[in-house]
Amino acid sequence: MSISKTSKCTKRGVEIGESVRGEDVYIIQSGCGEINDNLMELLIMINACKIASSSRVTAVIPCFPYARQDKKDKSRAPISAKLVANMLSVAGADHIITMDLHASQIQGFFDIPVDNLYAEPAVLQWIRENITDWKNCIIVSPDAGGAKRVTSIADRLNVEFALIHKERKKANEVDRMVLVGDVKDRVAILVDDMADTCGTICHAADKLLSAGATKVYAILTHGIFSGPAISRINNAAFEAVVVTNTIPQEDKMKHCSKIQVIDISMILAEAIRRTHNGESVSYLFSHVPL
């Protein structure tokens, strides 16, 4: 495995600046920003390396594109996550490394190995190091779908959990919320895999404060923060909104002082090292590499 920064994407196409023949190639590209351009660049780079006789091509995709379109939830809706999986396979990817898939079943869309890493160990470390009264906290899921995620974190911290049931009128618009659990006089920590327009977590924060929570934190793996997200966070009563850097957050942090970032680059780096050396990656499911 060699490290190269000499590949470049131009309007004319992709050019790999040095030989990759027989090499174990890792291409890092997250599903954010100009998502369709980035996805197309990734596919072309995979194909360029494959036809240049590389021995194996691994796509490292910290935030998997179109992950929320993982099922046909209404008539004539696409299953775009499956389409992206097909495209990556056809382009020539031999292995996928990603983090906190919206639904773990997306791994089944592939006929090639997929390592779905978890931000949970880094989240646990951040909670213990940055929230002084974390032993008196309660882990809250902003929707029923995240119950498994919050129960896992709550068990490892040995604290209680709660969840919020939400009813939607339409996509990105929450109708009403019902809190299940007791948050009175506790630090509430909202945990979710991603936040887009932040309507859900901001409504959830208001609900938790009205139910008697002393402080509210939000911890998210993928901070998409589109549309009115930043203004909503600024106006909400969060102590902090913590996200990982699966999506670059530098510009967002300039406009919102509440956003804090957990660096997960070491987790991805260790996953790449272990994959290259043929070692087990499962250690990273419960530990942060030193």
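Val-180 lies in strand E9 (residues 173-180); helices (H or I, at least four residues) and strands (E, at least two) are DSSP runs, numbered from the N terminus. The model is predicted, so local features need pLDDT of at least 70 and side-chain atom pairs count only at pLDDT 80 or more, while totals for chains, interfaces and linings use all residues. Residues are numbered from 1 along each chain as its sequence is written, and side-chain values use heavy atoms, with hydrogens and water left out.

With a relative accessibility of 47%, Val-180 counts as partly exposed, a class between buried (under 20% relative accessible area) and exposed (over 50%), using a 1.4 Å probe and protein chains only. Apart from neighbours within four places in sequence, Val-180 contacts Ala-162 and Leu-163; contact means heavy atoms within 4.5 Å. Lys-258 is 78 residues away along the chain, and its C-alpha atom is 27 Å from that of Val-180.

An open sheet is formed by four strands in the order E3-E4-E5-E6, with parallel pairing. Two strands pair if DSSP finds at least two bridges between them. Strands E3 and E6 stand at the edges with a single partner strand each, so one side of each has no neighbour in the sheet. From one strand to the next, the twist averages 15°.

| Strand | Residues |
|---|---|
| E3 | 24-28 |
| E4 | 56-61 |
| E5 | 95-99 |
| E6 | 114-117 |

E4 and E5 pair over four bridges, and Val-60 stands opposite Ile-97 in E5. Helix H8 (residues 265-276) packs on the sheet and touches E3, E4, E5 and E6. The direction of H8 makes about 155° with that of E5; axes are lines fitted to C-alpha atoms, for helices over the stretch in contact, and angles run from 0 to 180 degrees between N-to-C directions.
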